[in-house]
Amino acid sequence: MPNLPKDENLLSLPDIISRAKDRGYIFGFGDPYNRLRYFIKTGLLPNMQRRSVDGKTTEGHLPAWSVERLLEIQNLKQEGHDAEETLKIIREREKVLDSAP
């Protein structure tokens with residue numbers, strides 16, 4: 001999983017969920033927050049960063065590219081890949097991107 005720079009464009013979880021739905025991601029019948037937590041736990045998404053939203057409350061944030069990652073996960077699932085295969089494919093793609101000049 002790529003390290004997140006401090007200036008990474010972060011979005012709140014409600015924003016990630018909304019943007020992903022707008023782009024066609026289907027969260028199914030379960031709680032979208034639990035789906036995101038599962039993807040974080042399995043390494044498909046990076047750890048959340050906590051940010052203050054009003055000076056008192058903190059909320060989890062993910063990089064904006066997480067929306068694209070959710071769509072990638074969904075596409076791989078539709079192609080018949082299980083969670084383990086999906087993680088392997090995504091990690092291989094990250095290696096290629098990280099090694100590009």
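## A word before we start

Helices here are DSSP runs of H or I with at least four residues, strands are runs of E with at least two, and both are numbered from the N terminus. Keep in mind that this is a predicted model.

## The second largest pocket

With that naming in hand, which helix gives the second largest pocket the largest share of its lining? That would be α4, with 5 residues. Both α3 and α4 supply at least two residues each to this lining. The pocket has a volume of about 180 Å³. It is lined by 10 residues, and W65, R69, E72, E94 and L97 are the closest to its centre. Sorted by class, the lining comes out as 6 charged, 4 nonpolar and no polar residues.

R69 sits in helix α3, which runs over residues 66-78, and the side chain of R69 makes a polar contact of 2.8 Å with the side chain of E94. Is R69 buried or exposed? R69 counts as buried, because its relative accessibility is 7% and the cut-off for buried is under 20%. W65, on the other hand, is in the loop between β3 and α3 and counts as partly exposed, at 25% relative accessibility. Along the sequence W65 and E8 are 57 residues apart, yet their C-alpha atoms are 9.7 Å apart in space.

## The largest pocket

Now for the largest pocket, which holds about 260 Å³ of space. Its lining is made up of 16 residues, and Y25, R35, F39, I73 and K77 lie nearest the centre. By class, that lining splits into 8 nonpolar, 5 polar and 3 charged residues.

Three helices each supply at least two lining residues: α2 (32-41), α3 and α4 (83-99). The largest share comes from α3, with 4 residues.

## Helix α1 and the glycine after it

Helix α1 covers residues 13-22, and its buried residues are L13, I16, I17 and A20. They sit on the same side of α1, because they cover an arc of only 95° around the axis. There's a simple background to this: an α-helix has 3.6 residues a turn, so residues three or four places apart point the same way. What do the buried residues of α1 pack against? Their partners are β1 (10-12), α2, β3 (58-63) and α3.

After α1 comes G24, which has a positive phi, near 105°. G24 belongs to the loop between α1 and α2. With a relative accessible area of 38%, G24 is partly exposed. Leaving aside residues up to four places away in sequence, G24 touches L71 and Q74.

One last stop is T86, which lies in helix α4. Its relative accessible area is 3%, so T86 is buried. Which residues does T86 touch, not counting residues up to four places away in sequence? The list is L44, I73, L76 and H81.

Conventions: Residues are numbered from 1 along each chain as its sequence is written. This is a predicted model: local features need pLDDT of at least 70, side-chain atom pairs count only at pLDDT 80 or more; totals for chains, interfaces and linings use all residues. Side-chain values use heavy atoms; hydrogens and water are left out. Buried means under 20% relative accessible area, exposed over 50%, partly exposed in between (1.4 Å probe, protein chains only). A polar contact is a pair of N or O atoms within 3.5 Å; within protein, one must be able to donate a hydrogen and the other to accept it, and residues adjacent in sequence count only if both atoms are side-chain atoms. On a 1 Å grid over the protein atoms alone, a cavity is a set of points where a 1.4 Å probe fits but cannot get out, and a pocket is an open set with protein on both sides within 12 Å along at least five of seven lines; lining residues have an atom within 4 Å of a point. Grid points are joined across faces, edges and corners, and a volume is the space filled by probe spheres set on the points. Ala, Val, Leu, Ile, Met, Phe, Trp, Tyr, Cys and Pro count as nonpolar, Asp, Glu, Lys and Arg as charged, and the others, Gly among them, as polar. The arc is that of the directions from the helix axis to the C-beta atoms. Contact means heavy atoms within 4.5 Å.
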